Amino acid sequence: MDKKKIGVSVLASIAGIGVTSAASAIVAYNKIFSRYERPDYSLTPGEYFYTRIQSRLPRTELSFISNDHKLQGYYYASGAKKGIIVICHGIHAGADDYLPLIESMVRYGYDVFSYDSTGTYNSEGSSTVGMCQQLIDLESAIKFIKVQGPLRSIPLFVVGHSW
């Protein structure tokens, strides 16, 4: 085999590996950052979901905009006004997956604001977009809280998970 044919074979192999790598990355990205819907709670016994605890943990549903998507937020008032804790859920989850934590925080006198991120549960978006979108959503949530009359005058805390 001459050097020219070897060179062409090597270049073709490199190009093939490159295309395969790019295609694999796209498939993985689309799988990891797909849209996440609420699980079927009838198939997961013992898991918290809001209708199961709403009588003891009332909430107000509020929506806000993040990057042209309407996100669904949930406000739980404690009455004590020690502060408001914003909960930023993890990847492959939604706000309601943190109900045990939310209930505990409210019991200890903190108001809580949680929300479904872009592409998750009750929020708009065909996908969760990527890691950076979560930061944009969190910033949008904090800006939203800071303009709400009764919420802007109490200390603000953030609890995040995973992303």
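Two rings of Phe, Tyr or Trp (for Trp, its six-membered ring) form a pair if their centres lie within 6.5 Å, and the pair counts as stacked when the planes are under 30 degrees apart, as edge-to-face when they are over 60, and as tilted for the rest. In this structure, ring pairs link Phe64, Phe113, Tyr115 and Phe144 into a cluster, and a search of the whole structure finds seven aromatic pairs.

The model is a predicted one, in which local features need pLDDT of at least 70 and side-chain atom pairs count only at pLDDT 80 or more, while totals for chains, interfaces and linings use all residues. Residues are numbered from 1 along each chain as its sequence is written, and side-chain values use heavy atoms, with hydrogens and water left out.

Phe64 and Phe113 have ring centres 5.9 Å apart and planes at 50°, so this pair is tilted. It joins distant parts of the chain, since Phe64 lies in strand S1 (residues 60-66) and Phe113 in strand S4 (residues 111-115), 49 residues apart; strands (E, at least two residues) and helices (H or I, at least four) are DSSP runs numbered from the N terminus. Phe64 counts as buried because its relative accessibility is 4%, and Phe113, at 0%, is also buried, where buried means under 20% relative accessible area, with a 1.4 Å probe and protein chains only.

Phe113 also pairs with Phe144, with the ring centres 5.9 Å apart and the planes at 35°, so that pair is tilted as well. Here too distant parts of the chain are linked, as Phe113 belongs to strand S4 and Phe144 to helix H4 (residues 131-147), 31 residues apart.

How values were computed
Buried means under 20% relative accessible area, exposed over 50%, partly exposed in between (1.4 Å probe, protein chains only).
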